[in-house]
Amino acid sequence: MEQKKFYITTPIYYPSDKLHIGHTYCTVATDAMARYKRLCGYDVCFLTGTDEHGQKIETKAKEAGVTPKEFVDKIVEGPQGVKDLWKLMNISNDRFIRTTDDYHVAAVQKIFKKMYDNGDIYKGAYKGKYCTPCESFWTESQLVDGCCPDCGRPVVDAEEEAYFFRLSKYADKVRDLLENTDFLQPRSRVNEMVKNFIDPGLEDLCVSRTSFTWGVPVDFDPGHVVYVWVDALFNYTTALGFLNDKYDDYDHYWPADYHFVGKEIVRFHSIIWPAMLMSMGMPLPKHVFGHGWLLLDGGKMSKSKGNVVDPYILAEKFGVDALRFFLMRTFPFGSDGNFSNELLIQTINTDLANDLGNLLSRTTAMVGKYFGGQLPEGCKSWGAPESFDTDLISMASALRDAYEAQMEACAPHNALSEVFKVIQRANKYIDETAPWALAKDMEANGKRLAHVLYNLLEATRICGILLTPFMPESMDKLFVQIGAGADIQTWDSAAVWGSLSETAAVTKGENLFPRIDMDKAIAELEAAAEAAKKAALPAIEVEPQLTEKVDFDTFCKSDFRAVKVKACENVKKSEKLLKFTLDDGTGTDRQILSGIAKYYKPEDLVGKTLVAIVNLPPRKMMGQESCGMLISAVHTEKGEEKLHLLMVDDAIPAGAKLC
Ligand code: MSP
């Protein structure tokens, strides 16, 4: 029988900034789904990548003083870049597309030409409202309080000669697709799309730009680049080899089974994307799933909050699998959820350390302690089952089907909930059977004890299989501890109670999910976020030089002198001020107050030769007179202000004029 295929994609990410935990959420969800389908025996293709064109990238590159390609290369391929992050998170993508890849660019040009030739793309003039950060044109009626409905930022009036795609022509077909099929999920997103975009009337879409150059050139009309969303959406097909020779499995995998996308880009995937595919005469993807956002303090995650939600910091601190698990377990996939470190730690402690971790460590420890790590032959069927034996066995045996139903409904959080019901049932079974009490009389109860422990190992094995898509590395370790070989880590065996060999070699290994001290971890995370923020700041910054010129006579009016520090002390009640008694060569002591107490200890300055401007009018500070000002060099280092008093050669006598 031909192996069933499954093609799933994540959105391709804008490499304009470092990715945060919100981006990670979508990719981990897609990865869990891809791994689940592979477990079920499907021939899976999982695609992710980067969406590298557009004005936003062009502008950012300019700001950084590099070419757009250099800019995106660093974020995609560089240290802690997009590819690094997916490697760290154990993402099992089969393919990675960059929209700057030559094969994609050439294919997009052919696609654009094809829609032009079939009359669905035509030339016109565009007047509208444009949101630069989102690369989106909006109609007046779509704006919210005059701003971009996606990001809330101001839009600008834009007008340019442009090509248009006849989106309006496909309005009825798209409405039918949304309303009468299960193309768009969850169902609630259908109403949003129809009400907000189709009911008001679909307008033709502007699909080329002339105001910038960082995009796929329209090859038959120089000066135009293809609208970034047209370029981006077709990645799902070019990455399979559509209109290019780089790959050769378009016919095999297309149409996609699922595009997983965040809710703000559902519009592009459920209206524009199917319309363009219809125009091209290509089959439509089977499903688009619009997931919710991870929010931070109820709001959108942003660069300024970036360090708090840096997946690198979180993965290093808590482990990749714990982080993957948390994301999938905690937030219902179709809805928004509030991310917090407290919630992350709580979930790890409750589900992983307490429930799963305890089940595994107690079970393997008891098999070790009472049976030297190997249960006796025959233990699977020893003894008349009590009601709690039957209960555990029937729950664990039915688990795979319950889990499957939830995964098929794109509800990984519910699938995990099913697994944890069995884990909790198994822990309760330990309390009910009290193996430590049975162990007191091995002669009388040894067989019963072996049977109880076998049931626990078997329940753990079944749960372990179903947790593999979420925590692949940890489950590998779990299988080693319970002695389950590859042949009984399979999807089929997850539905067959009793697959584990009775005499499997059981070892109590490392604690897979250590308990986390909440207060300590939060303090460490905050410190790590602060350190990461500092590390990202420029090493040295100096104030820009003044462009305004000063004439020589004015400059000469400033009287700079070498002065020697006779005494120096802190000014009472002031944290900032030091009081200097200075020899300025006149024979009369000069007093200067300077706000540099945080940089110097007074005693370290006595005897030094400094530079002061001595003809400033005296002024009072904290009730004391200051006659002049000491000269310092200032700069910023990793965001922190640094100051050095200007000290000169002690051979220079007090009062020497500096000119
Ligand atoms: N480049 C487009 C996608 C083109 S697909 C043909 C894009 N890129 S993005 O980098 O801005 O976003 C990628 C995905 O990350 C989107 O699905 C977006 O919803 C998701 N997320 C970004 N922040 C998120 C959260 N805070 N929470 C959940 N998902 C979030 O859009």
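## The shell around the ligand

By class, the ligand's shell holds 14 nonpolar, eight polar and two charged residues; Asp, Glu, Lys and Arg count as charged, and Gly is among the polar ones. The model is a predicted one, in which local features need pLDDT of at least 70, side-chain atom pairs count only at pLDDT 80 or more, and totals for chains, interfaces and linings use all residues. Residues are numbered from 1 along each chain as its sequence is written, and side-chain values use heavy atoms, with hydrogens and water left out.

Of the 24 residues around the ligand, Ile12, Asp51, Gly262, Glu264 and Leu294 come nearest (a residue is near if one of its heavy atoms lies within 4 Å).

Polar contacts are pairs of N or O atoms within 3.5 Å. A polar side-chain atom of Asp51 lies 2.7 Å from a ligand nitrogen. A ligand oxygen lies 2.8 Å from a backbone N or O atom of Gly262, and an oxygen of the ligand is 2.8 Å from a side-chain N or O atom of Glu264.

## Aromatic pairs

The whole structure contains 34 aromatic pairs (ring centres within 6.5 Å; planes under 30 degrees apart are stacked, over 60 edge-to-face, the rest tilted). The ring centres of Tyr25 and Phe331 are 6.3 Å apart and their planes stand at 85°, so this pair is edge-to-face. Both Tyr25 and Phe331 are buried, meaning under 20% relative accessible area with a 1.4 Å probe, protein chains only.

Phe260 and Phe333 form a tilted pair, with 5.1 Å between centres and 55° between planes. Both Phe260 and Phe333 are buried.

Terms used. Polar contact = N/O pair within 3.5 Å; in protein donor to acceptor, adjacent residues only side chain to side chain. Phe/Tyr/Trp six-rings, centres within 6.5 Å; stacked < 30°, edge-to-face > 60°. Buried < 20%, exposed > 50% of the residue type's maximum accessible area, 1.4 Å probe, protein only.
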